[in-house]
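Welcome, and thanks for taking a look at this one with us. Here is a short briefing to read alongside the sequence and the model.

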Amino acid sequence: MKQLAFIVLYVLSAIWFGSIQASAQSTLNSTEGAVVPKASVITPTTPAAQSVEPKKAASWSGVLDSTVQALSREGLTSEELDKHFKEAGRIIGETNAKILEVQPEVNQLSQQLEEIGPGPGEGEPAEAADISARRDLLNKQFAEADGKLKEAKLALVRAQQIQKSIASNRRARFVRALTARSGDPVDTTFWGRFLSGFKGFSRSFGLLFKDSFSVVSSTHQLETWKKLALPILLILAFSILVYLRRTLMAFGGSLNLPKENTEVTNPVRGFFDFCRFGVFGALIPIILYLALSKFGLLTARLDQFMREIVISLGFVVLAVSLAVVILAPSDNRKRIANLSDATATKVFHLLVAGLAIATALRILNVTSVVLVSPFEVSFGFSILTSVVVSAFGLCALWLIARDSEGRPIYGDPQLRVISWRYLRLFVWIAIGVTIIAILSGYIALAEFLSLQLIFGSVVLGTVWLLLRVLEALQSGALQNQEAIAQEPLAEASRTSPNQMGVLGFGVSKLLVYLVAIVLLLLPWGYQTSDFFLMISRVFFGFQIGGLSFSLSTILMAVALFAVGYTITIALRGWLNNRLLPTTKLDIGVSNSISTIFGYFGFTLAAVLAITAAGFDLSNLAIVAGALSLGVGFGLQSIVSNFVSGLILLTERPIAAGDWVVTTGGEGTVKRISVRSTEIETFDRASVIVPNSTLITDPVTNWTRTNKMGRIIVPIGVGYDSDPDQVREILLGCADENSGILRKPMPIVYLMDFGADALVFQLRAYLADINYSVVVQSELRFAILKALRAAKIEIPFPQRDIHIKSGSLAETKPAARAAKKLTGRKSR
């Protein structure tokens, strides 16, 4: 958890940087004076239902009506759109809460009305007066509750439509701003106007700083608590930063990384260096800006100017830190990019120089907008920014392409955010489009693409480093689990934490990808409020066709099922470990009780979860009909095994611990589950037997009623042996064995006059048939020793072969041949 906490902290910081940039982008767009189209919002009439809170519903309706009228006006700024968007969001939250509050009441009243039924029809006998009065009261209460519900749903739909309309307007403004042709950049007269306007811009820039110094010098006019709170908050904020920085570096140093594997070590160490110098370095100007802004030390124009400076400086620190980590121009042992020393150094200096120039031009551009300078000034700075980024980007790509040692950031193919081959092609295309846009006069599009090249590169590089860190942490966790798994009995305890660890890291990687997608989409006309709107709609409910889905309801049902299942497992463990061992029930009955209780708890938790999800259990009849159709085709064996399992648990022809002989094998019953029964053979192999087999086929159970059983030990002795003496020896051996019962008494039978021996059988009963093999072995040892002591022979099979003289065998064929020949001659 401590490892993931730092990653979450970094991800939240990245989201904050993206939201600040998107806010600045929307502010810049608002200064271009784009026209907002009329909002296409449907305004249905308010229902005439009675409401317990008419003022609240009227307030919602009034706010929404005024918002619709405001959106129909021309020339709304981004701040005004944000205000209306937040107001609609507030109404969405209130209406969702009201719907959750009123919906159960409406459902309860509806069920009561269904139970009481409609009034008697014409010609039917009259009902009791109290029943009729109760129906009228329920109808009145239902009308009031249903009216509140409909008003809340109506306000919810209108607010969602307004937010959707505002989001569409924002994206339409964004597209129009990018596709608007600004002028001809190769016009010489334009650059003359730019230089003349730049002179006035310089004077206005000096006045801006003069105003800022006058504001700072007026801090003595602050209230006393503000004078004390400002330095205290700054000291506290920087102290927290220092503590987090030291803790993060201590955590990075504690990682056991393989020194020989630089593909793992360098990215992980580079990520922590990036956090130490980049992330925490970027937070310093942000904290200073927030402190000055919240305490009212910045004027409106100065606030806008300082915000752009803070964003630019923070982004420069992040980009330079990332370039240092990936290119490592001063130490090739830490380098992640697969570049030569000369190329890495040149590319690094080229990127830093281009980034510094582009940032300075961007700040001057924003300053010209803040100071309301001539249009040519802002237009010229935008052209210069696009040209600088395109030129330096082309030079960097050319140097990388000429390098003979390979391509940067190849590493493990499974950990690539995007293949360098496709990324390089995308960068070439983006720079080409930027150059074409500059020459065609689409300066806003060119500046946007150039800035997003820088921003996207920083986001992708950061995501790649973060994924490598997660992969290293996961590998370390798995190695620790493998060390624990060396113990013989550690497998059962290791499986669950191992799976949870893999799942946790998988969710973390998914979160990183989602944050990266959000950050990359923010500058393209989207805002964080749009994403939060989508999340809220998914969470509170959405419709697909005629079906309604609500993530909150689903999560509540899943949580309820998890709680019910956890309680079932806990109670089942208490039964197995505490209650059932204190009873006189055998292991089979205890196992049946525990299994049936587990099935009951699981079913109850599932029913409660289905009910909480809003499903009507009466509709399960349709599901049952579909299942019956499936049973008739492909589920016969499954249902047969399930029913057979229930029969085994109730009738108990076999139970856990029984010694059984089946067509599938012989062994001890270990577990009876829903579909099958596990039998452990005497060779410690597990045989899975379907439950239906145990019901339909013959099964020999040696220990069903009790564990007493009979053993038979056959023995053969020579024909010259005394049978009575043999019987006494066998009975004596049986009496001396402690495993043989005295009642029923052991008995000896003379079973047969064999071909080689007199065949005797010693039959005896054991208290526990599970020890039959052990007792039989002990008896054979004792019998062999006793017979040898009595000099009684234990014969083995013998055969006597008698070979007669060969003359007769030779004369008979000759005589037969002579006889045949004589007969032929006589004929």
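**Surface and overall make-up**

The accessible surface of the protein comes to about 47,700 Å², and 63% of that belongs to carbon and sulfur atoms; such areas come from the Shrake-Rupley method with a 1.4 Å probe, and for residues only the protein chains shown count as cover. Please keep in mind that this is a predicted model, where local features need pLDDT of at least 70 and side-chain atom pairs count only at pLDDT 80 or more, while totals for chains, interfaces and linings use all residues. Residues are numbered from 1 along each chain as its sequence is written, and side-chain values use heavy atoms, with hydrogens and water left out.

**Fold at a glance**

- The protein has 22 helices and 10 strands, which are DSSP runs numbered from the N terminus (helices: H or I, at least four residues; strands: E, at least two).
- Of its 827 residues, 39% count as buried (under 20% relative accessible area with a 1.4 Å probe, protein chains only; exposed is over 50%, partly exposed in between).
- Among contacts (heavy atoms within 4.5 Å) between residues at least 6 apart in sequence, 74% join residues at least 24 apart.

**The five-stranded sheet**

- An open sheet has five strands in the order β6-β5-β4-β3-β7, with antiparallel pairing; two strands pair if DSSP finds at least two bridges between them.
- β6 (686–690) and β7 (700–701) stand at the edges with a single partner strand each, so one side of each has no neighbour in the sheet.
- Strand β3 (residues 659–662) runs antiparallel to β7 and is joined to it by two bridges, with Val660 opposite Asn701 in β7.

**A helix to look at**

- Helix α9 (residues 341–370) has 30 residues and reaches 43 Å from its first C-alpha to its last, close to the 44 Å expected at 1.5 Å a residue; the expected span is 1.5 Å times one less than the number of residues.
- After α9 comes Val372, with a positive phi near 55°.

**Cysteines**

- A search of the whole structure finds zero disulfides (pairs of cysteine sulfur atoms within 2.5 Å).
- Cys275 is buried, at a relative accessible area of 4%, whereas Cys395 is partly exposed, at 37%.

**Confidence**

- The mean pLDDT (the predictor's confidence in each residue, from 0 to 100) is 75, and 73% of residues reach 70 or more.
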